Amino acid sequence: MRRALIAVFALLALALLYAGYAFLSLRQLEAGVKAGDAAAISDHVDFPAVRASIKEQLSAIVMSRALDEADRRRSAGARLGAGLLAAIGPALIDTAVDRFVSPAAIGALLARRAPAAGGGSEAGGQEPKELDLRRFAHRFQLLSPTRFRITHKDGVAIVFALTDWTWKVADIRIPPDILKKIVRPDAGEPL
């Protein structure tokens with residue numbers, strides 16, 4: 001009986017350490033965003049994984065819009081344009097995402113402010129907005145023992161993964177309607 005009780009307490013302590021470490025990582029990321037500290041943000045973001053996710057999301061939106069436009073216009077020129085976009089679009093998206101997904105841009109997304117031009121650090125004298133992770137806690141979901149997701153009420157979801165014993169942002173899922181506005185601000189209007 002005593003061994004079982006010790007085992008239960010040990011498992012409970014491990015679970016508390018596990019959850020506490022995830023919470024500590026979230027708070028460190030929050031502090032980095034609040035301070036505009038690119039190094040602190042970089043320590044908690046897996047940039048190759050985030051870039052790959054954003055490239056995939058943007059490619060799907062751009063290709064969908066091009067194919068919809070080609071189908072709507074039904075002209076040879078529209079189909080040729082959609083074909084050209086299919087051929088060169090992924091390379092353009094890859095280049096743009098590689099350039100603009102930076103610590104400053106991720107910090108700006110999390111804090112919901114406009115990033116400085118070129119994805120670099122913020123302009124001098126600009127006061128960073130507060131990041132409040134509580135507004136992202138609209139929904140918390142444990143995806144696996146090494147992944148969890150927090151979702152904002154507008155649908156933006158941030159997936160954290162335990163990588164090399166560190167919790168890092170591994171994916172940012174942006175709802176298609178928000179991405180369409182990013183790709184084309186007048187997304188609700190006909191072309």
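Two strands are taken to pair if DSSP finds at least two bridges between them. Strands (E, at least two residues) and helices (H or I, at least four residues) are DSSP runs, numbered from the N terminus. The structure is a predicted model, in which local features need pLDDT of at least 70 and side-chain atom pairs count only at pLDDT 80 or more, while totals for chains, interfaces and linings use all residues. Residues are numbered from 1 along each chain as its sequence is written, and side-chain values use heavy atoms, with hydrogens and water left out.

The strands are described in order. Strand β1 (residues 139-144) and strand β2 (residues 147-151) run antiparallel and are joined by 5 bridges. Between β2 and β3 lie 5 residues, and the two strands form a hairpin. Strand β3 is in turn joined to strand β4 (residues 166-173) by 7 bridges, and these two strands run antiparallel. In this pairing A161 is placed opposite K168 of β4. A hairpin with 2 residues between the strands is formed by β3 and β4.

Burial was assigned from relative accessible area: buried means under 20%, exposed over 50%, and partly exposed in between (1.4 Å probe, protein chains only). Of the 7 residues of β3, 5 are buried, so this strand is largely enclosed by the rest of the structure.

The turns contain residues with positive phi. G155 belongs to the loop between β2 and β3, and its phi is positive, at about 100 degrees. With 32% relative accessibility, G155 is partly exposed. Contact means heavy atoms within 4.5 Å. Not counting residues up to four places away in sequence, G155 touches R173 and P175. G155 and R173 are 18 residues apart in sequence, and their C-alpha atoms are 8.1 Å apart in space.

Most residues other than glycine have a negative phi. In the loop between β3 and β4, D164 has a positive phi of about 50 degrees although it is not a glycine. W165 lies in the loop between β3 and β4, and its phi is near 65 degrees, a positive value in a residue other than glycine. D164 is exposed at 69% relative accessibility, and W165 is exposed with a relative accessible area of 75%.

Rings of Phe, Tyr and Trp (its six-membered ring) pair if their centres lie within 6.5 Å; planes under 30 degrees apart count as stacked, over 60 as edge-to-face and the rest as tilted. The search of the whole structure finds 3 aromatic pairs. In one of them, Y18 and W167 have ring centres 5.6 Å apart and planes at 65 degrees, so the pair is edge-to-face. This pair links distant parts of the chain, with Y18 in helix α1 and W167 in strand β4, 149 residues apart. Y18 is partly exposed, at 32% relative accessible area, whereas W167 is buried, at 1% relative accessibility. F148 and F160 form a stacked pair, with 5.0 Å from centre to centre and 10 degrees between the planes. Their positions, F148 in strand β2 and F160 in strand β3, are 12 residues apart. F148 is buried, with a relative accessible area of 3%, and F160 is buried, with a relative accessible area of 3%. Ring pairs link Y18, F148, F160 and W167 into a cluster.

A surface feature was also found. L5, F9, L12 and L16 form a nonpolar patch on the surface, and together they have about 430 Å² of accessible area. Accessible areas come from the Shrake-Rupley method with a 1.4 Å probe; for residues, only the protein chains shown count as cover. Patches are made of residues with over 30% relative accessible area and no salt bridge; like charges are joined within 9 Å, and nonpolar side chains (Val, Leu, Ile, Met, Phe, Trp, Tyr) within 5 Å. A salt bridge is a side-chain nitrogen of Lys or Arg within 4 Å of a carboxyl oxygen of Asp or Glu. F9, one of the patch residues, is found in helix α1 (residues 2-35). F9 is exposed, with a relative accessible area of 52%.
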